[in-house]
Amino acid sequence: MTERLSLEGLIAAAFTPFHDDGTVNTAAIPAMVDHLLQHDIAGLYILGSTGEGLSLTHDERCTVAEAFVQAAAGRVPVIVQVGCESLEQARQLAAHAQQIEADAISAVSPVYFKPDCLTTLVESMAHIAAGAPTLPFYYYHIPAATGLNLNMVDFLHVGGESIPTLCGIKFTSPLVHEFQACSEFAGDRFQVFWGLDEMLLSGLSAGATAA
């Protein structure tokens, strides 16, 4: 079983910098990372919603991931969000994250042909996670974007049996009671990161130790 990250505190959902012509500005990333670390950020979550990962090309996502891992230089964990509409491409991005020595991967579900049940979701995430068999895997639960409102306690229970590297969830949902239930179920095995920025106080009151 893969060990979860040793991570508590605020995780920066880092945005991806661009030039005026729409190309990725990787030269700006080292200064961004230094600025975040100066403000006591405990980790970086890249290429998620804030990082516009699903809007970038495969090559752009690889380039951005490499730039953030290099800029962090092992000072804080870097979690690379690899989910996209293609499960096979997501698996390739997971393999790339492992190759560049990122600290963990995360994946959102496909949102067009979305999983029709918990079993399909778990199987989809297992396929992605297998691309990086040495990295902790965190499912990115964001029902406002995916339309998936499956119970995450059930996901941890079933996924824990089927995804060897599953280490937790990035929980971006206003259902505080479900977050609390996930945290209680997780125990010492899983981490449940609070992901809804505008409800951070609620997440902290429900026991979040990383957000």
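Colleague: How many disulfides does the structure hold?

Modeller: This is a predicted model, in which local features need pLDDT of at least 70 and side-chain atom pairs count only at pLDDT 80 or more, while totals for chains, interfaces and linings use all residues. Residues are numbered from 1 along each chain as its sequence is written, and side-chain values use heavy atoms, with hydrogens and water left out. A disulfide here is a pair of cysteine sulfur atoms within 2.5 Å. The number of disulfides in the structure is zero.

Colleague: For Cys167, which cysteine has the nearest sulfur?

Modeller: Cys167 takes part in no disulfide. Its nearest cysteine sulfur is 15 Å away and belongs to Cys182.

Colleague: Is Cys182 buried or exposed?

Modeller: Buried means under 20% relative accessible area, exposed over 50%, and partly exposed in between, with a 1.4 Å probe and protein chains only. Cys182 has 0% relative accessibility, so Cys182 counts as buried. Cys167 is also at 0%, and therefore Cys167 is likewise buried.

Colleague: How many residues does the largest nonpolar core have?

Modeller: A nonpolar core is a set of buried Ala, Val, Leu, Ile, Met, Phe, Trp, Tyr and Cys residues joined through side-chain atoms within 4.5 Å. Those with the most contacts inside the largest one are Leu44, Ile46, Phe68, Val80, Met125, Phe137 and Phe155. The largest nonpolar core has 62 residues.

Colleague: Where does Ile41 lie?

Modeller: Ile41 has 16% relative accessibility, so Ile41 counts as buried. Contact means heavy atoms within 4.5 Å, and beyond four places in sequence Ile41 touches Leu10, Ile11, Ala12, Leu36 and Val76. Ile41 and Leu10 are 31 residues apart in sequence, yet their C-alpha atoms are 5.5 Å apart. Ile41 lies in the loop between α1 (29-38) and β2 (43-46).

Colleague: In which helix is Leu36 found?

Modeller: Setting aside neighbours within four places in sequence, Leu36 is in contact with Ala12, Ile41 and Leu44. Leu44 in turn has a list of contacts that includes Leu36, Ile11, Phe68 and Val78. The helix that holds Leu36 is α1.

Colleague: Is Thr165 buried or exposed?

Modeller: Thr165 lies in the loop between α6 (152-162) and β6 (166-171). Not counting residues up to four places away in sequence, Thr165 touches Thr2, Ala129, Ala132, Pro133, Leu135, Pro136 and Phe137. With a relative accessible area of 5%, Thr165 is therefore buried.

Colleague: How much space lies in the largest cavity?

Modeller: On a 1 Å grid over the protein atoms alone, a cavity is a set of points where a 1.4 Å probe fits but cannot get out, and a pocket is an open set with protein on both sides within 12 Å along at least five of seven lines; lining residues have an atom within 4 Å of a point. Grid points are joined across faces, edges and corners, and a volume is the space filled by probe spheres set on the points. The structure holds one cavity of 30 Å³ or more. The space in the largest cavity is about 50 Å³.

Colleague: Which elements each supply at least two residues of the lining of the largest cavity?

Modeller: The lining residues include Leu47, Arg61, Val80 and His96. The elements are α2 (58-72), β3 (78-81) and α3 (87-99).

Colleague: What volume does the largest pocket have?

Modeller: The volume of the largest pocket is about 350 Å³. Of the 20 residues that line it, Ile11, Ala13, Lys170, Gly195 and Asp197 are the closest to its centre. β1 gives the most to this lining, with three residues. The value asked for is about 350 Å³.

Terms used: Helix = DSSP H or I, 4+ residues; strand = E, 2+ residues; numbered from the N terminus.
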